[in-house]
Amino acid sequence: MSIKPYQLTANKIKEEYKKGNLKASDVVQSLFQRIDNVENKVKAFAHLPEKNVGAGPCACPTQGDHRGSPLPLSGIPVAIKDNICVKGQLTTCASKILEGFRPPYNATVVEKLKKAGAILFGKTNMDEFAFGSSCENSCYHPTKNPWDINRIPGGSSGGSAASVGADEVIMALGSDTGGSIRQPASLCGVVGLKPTYGRVSRYGLIAFASSLDQIGPITKDVTDSAILMNVISGHDENDSTSVDLPVPDYTKSLIKDVKNLKIGVPKEYFIEGIDSDVKDSIEKALNVLSGLGAKYEMVSLPNTEYAVSVYYLVATAEASSNLARFDGVRFGRRATKTDNANEPSMIEMVSATRDEGFGPEAKRRIILGTFALSSGYYDAYYLKAQKVRTLIKQDFDEVFKKFDCIITPTSPTAAFKIGEKLNDPLSMYLSDIFTISANLAGIPAISIPCGFTRHGLPIGMQILAKPFDEETIFRVAYTYEQNTDWHLQKPVL
Amino acid sequence: MQYYSIIGLEVHLELNTKSKVFCGCAREFGARANSQACPVCLGLPGSLPVLNKEALLLGMKVALALNCGISSFIKFDRKNYFYPDLPKNFQISQYDKPLSCDGHLDVDVAGKTKRIGIKRVHLEEDTGKLLHKEGADYSLIDFNRSGIPLLEIVSQPDINSPQEAYEYLTQLKAILEYLDVSDCDMEKGSLRCDANISLSADIKKLGVKAEIKNLNSFKAVRAALDYEAIRQAEILSEGGKISQETRLWDDQKGITLPMRSKEEAHDYRYFPEPDLVPFILDDKQINQAKNSLPELPAQRKKRIVSEYGLSEYDSGVLIQDRSLADFFEQCAKIYEKPKMVANWLLSDITAIMNSRQISIKKLNLTPQNLVEMLKMIDENVISGKMAKDILPQMIDTSKPAKNIVEEKGLKQISDEKTLIEAAEKILKENQKAVEDFKNGKDQALTFLVGQLMRQTRGKANPDVANKILRGLLS
């Protein structure tokens, strides 16, 4: 076979398993070889898959024959972002403060993957606690963009996107609070979906901002995205924010048909500062879709300009509280040196632990969030932000009364250089300007490859739909993908 | 200068749900440390709370029994502060929209009814428990208590004396026991109380308050408030100012000591708990809670007065202790003299319960056994005085009175022939008393009856003995 197993999609591997052409051990070995060849360049993993992965007794013995397995992910290696709990495996959010932490329980999505027969394949690198858009805020190492290793892969799920983009794993899970799945997917030329808030259980996802976080798939194509969504979606009695609605078979939405589909294109997203290659690619993509029978029209989401400000108040406020539990008392790192070395008090131990354990971006966000919730400032910041959040959601409700979906660029630019924005947090925050609104409104959104810049860097197109209408997203994304070949391009590593 | 005490009380109550408030962990008292602690109780990264609806129902029952309005909109908030017994370093509580507010409790104080407002009743989670080992340079944490449902019951500052505070707590506890929502045991910490007190020359104006913590019994609440009222009055009458602060009660020394000042108070940075979705309670659920309320102490007091003819006072004392009142009613069902039962329960039996520090339930006494003993008095088998000796033996041995009387040969002697013989002997031996009686000294008869009782080792029926002696003397 001229094509190596590591290059395949999950859907293709399933077919090969069915035909008996391939064994899971072939796939795993092929991936390990690929990791040996490229991981030192890409650095996608925070914790590499264990060498004996999949060898133990599990639903999917790697040696076994997967022909006729009823399990949807039987023998498929899936990488997990390092902020999702895997029982007994290092889960550190790429933070020193969680040094050595091995959770005693599995996140619900991990349980679901195991039941579906998946092989858990390492923990991917990320910005510490998902704070960042470049994967540079990791306590381990920055992850590189497989398309240009001098550039960032995006973030915070940069490790998941880069590992899939570099063919080091078949599929991966990320988490998205303000664009952390979609922006790196866009920058790495892969498919990343942030589901509707409440579609996927957050139990076992180490929270950044509880009201915004969602776990979602990062995959090589739209079909794999639907396959992975089928496995991870659904109500969980351990997460009361997960919604008890039936989960459709998303693979049934993989239909090439956008006839009479009404697409809204928000004028507020074509701002100054948007890369002209990005703008051109989106316009071309819209023309492809309209050539297939869809109709697009400019629409308005008037409160878009407030989204970044609202986000950085709501998200940091929740984060400041969510991260309070990292105190060195029960798990993770505990500082041994304090100013009062002889008899450190409890408070001194906690502050020293947090001082040593958190990186600069985490500290910045904790301080900002603490301030936004403080007595005397709450009304002006947090409460007001929540009110504007409602307005942003209403903007979308209005548009979706007339349109089936909204299409925008995923990020205003392609991947930037490592270090370029590290000392300019505000400009870094703006790389999520197009993705944040979907989290504030709780709606689903996907990023799919739609072209390359003149420098050969991937560009992503974002498709957004009504809450719990992932089906429309899959249909539009699949139709576009099947009529283009961007997703088939591979980086040279 | 005359000052009024203005007192408000905050009661924390552990609800006796089967499992904890935000996870499925069991919650038995005295279980091995950290054996009832899951990722949620431990605040492990990634864990999420899910509301236990049973806790909400019990909370609603309490609120309804305290005449509060139930909020149909249920939401929770995070109270943020760092402390090692608080695993998430925030407590899930209710802030601006509590489960219920604006209720009242009518409290009997010195024969008068006083209405004390209930400001709010809300649901929250308990913390873990710090264990400090003497001499150790570390502390241990037991998270078994972490996540046990707590109900906070906050009174209005309507209480004007330490005794009123004591009565409020006693009568509140009775209601909680009737509702069977908690074991209300202050020693185990399932009921806790903090008190706020300020003094003011004008009863309608609040002064600067002190909050008192570490109150381990209702008596401690009363004593601490007494102490604090005097301390504050002394400062004020010397022209000083009270500083707003939290103080700790030292039960051994009987004093309060400063703990932290207002400036050191936390900014809890309350905000809505994003992990728990707010929801609407419908009327059906509220009505269900209403319909599940049992008879409450005030209703029962009235009923016992009308049904059994007890005095208001006796009924009031009886109903304070739910199991004592239950015991009373069980006796009254099988015995036609309810007042007699009440007298025994409120005197001898209460004395035994107090001296042994146990409840009627733990006393080895059944309503049947008590009634049987009372009937033996009625039938002159034993005297009331003998019964007072027999009762503790019944309790010690769990035997019916009849067996004890037989075993110890304690049967009352009502047989006239036997008693006449004994009386004649007494009269012979006590000529002086006989003389005195004949000279009109009635006390002499009492003496002679006493001698007869001694002779018969207390078994003589006192009425018969009296009659016989009188007959022989005349």
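1. Let's start with a hairpin in chain B. Strands β6(B) and β7(B) run antiparallel and are joined by 9 bridges; helices (H or I, at least four residues) and strands (E, at least two) are DSSP runs, numbered from the N terminus, and two strands count as paired if DSSP finds at least two bridges between them. One bridge partner to look for is B:Thr113 in β7(B), which pairs with B:Asp108. The hairpin has 2 residues between its strands, and B:Ala110 in the turn has a positive phi of about 45°.

2. A word on what you're looking at. This is a predicted model, in which local features need pLDDT of at least 70 and side-chain atom pairs count only at pLDDT 80 or more, while totals for chains, interfaces and linings use all residues. Residues are numbered from 1 along each chain as its sequence is written, and chains are lettered from A and ligands numbered from 1 in the order in which they are written.

3. Now follow the sheet onwards from the hairpin. β7(B) also pairs with β10(B), in the antiparallel sense, over 7 bridges; there B:Arg120 has B:Val154 as its bridge partner. Further along, 4 bridges join β11 (residues 191-200) to β12 (residues 210-215) of chain B, again an antiparallel pair, with B:Ala195 partnered by B:Ile212.

4. Step back and you get the whole sheet: 9 strands of chain B, in the order β2-β6-β7-β10-β1-β11-β12-β13-β14, form an open sheet with mixed pairing. At the edges stand β2 (69-70) and β14 (255-261) of chain B, each with a single partner strand, so one side of each has no neighbour in the sheet. Helix α2 (residues 162-179) of chain B packs on the sheet, touching β1 (4-14), β6 (100-109), β7 (112-125), β10 (149-155) and β11 of chain B, and its direction makes about 110° with that of β6(B). Contact here has a plain cut-off: C-beta atoms, placed from the backbone, within 7 Å. The angles run from 0 to 180 degrees between N-to-C directions, with axes as lines fitted to C-alpha atoms, for helices over the stretch in contact. Helix α3 (residues 218-237) of chain B lies across β1, β11, β12, β13 (245-250) and β14 of chain B, at about 20° to β11(B).

5. Have a look at helix α10 (residues 384-397) of chain B too. Its 14 residues reach 20 Å from first C-alpha to last, close to the 20 Å expected at 1.5 Å a residue (the expected span is 1.5 Å times one less than the number of residues). Where does α10(B) bend? The bend, about 25°, is at B:Ile390, and a proline, B:Pro392, follows within four residues; a bend is the angle between axes fitted to the seven residues ending at a position and the seven starting there.

6. Staying with that helix, B:Met386, B:Ala387, B:Ile390, B:Leu391 and B:Met394 are the buried residues of α10(B). Buried means that 20 or more other C-beta atoms lie within 10 Å of a residue's own, exposed means 12 or fewer, and partly exposed is in between, with C-beta atoms placed from the backbone. Their cover includes α8 (338-356), α9 (367-378) and α11 (401-407) of chain B. After α10(B) comes B:Ser398, with a positive phi near 60°.

7. Most residues other than glycine have a negative phi, and most peptide bonds are trans. A:Lys43, in the loop between α2 (24-42) and β1 (45-47) of chain A, has a positive phi near 55°; A:Lys43 is also buried, with 23 other C-beta atoms within 10 Å. A:Ala94 has a positive phi of about 50° and is buried, with 31 other C-beta atoms within 10 Å. The peptide bond from A:Gly155 to A:Ser156 is cis, with omega near 10°.

8. Finally, the overall build of each chain. Chain B has 15 helices and 16 strands; its radius of gyration is 29 Å, whereas a compact globule of 474 residues would have one near 23 Å. Buried residues make up 60% of chain A and 40% of chain B.

Notes
Contact = placed C-beta atoms within 7 Å. Rg over C-alpha atoms; globule rule 2.2 N^0.38 Å.
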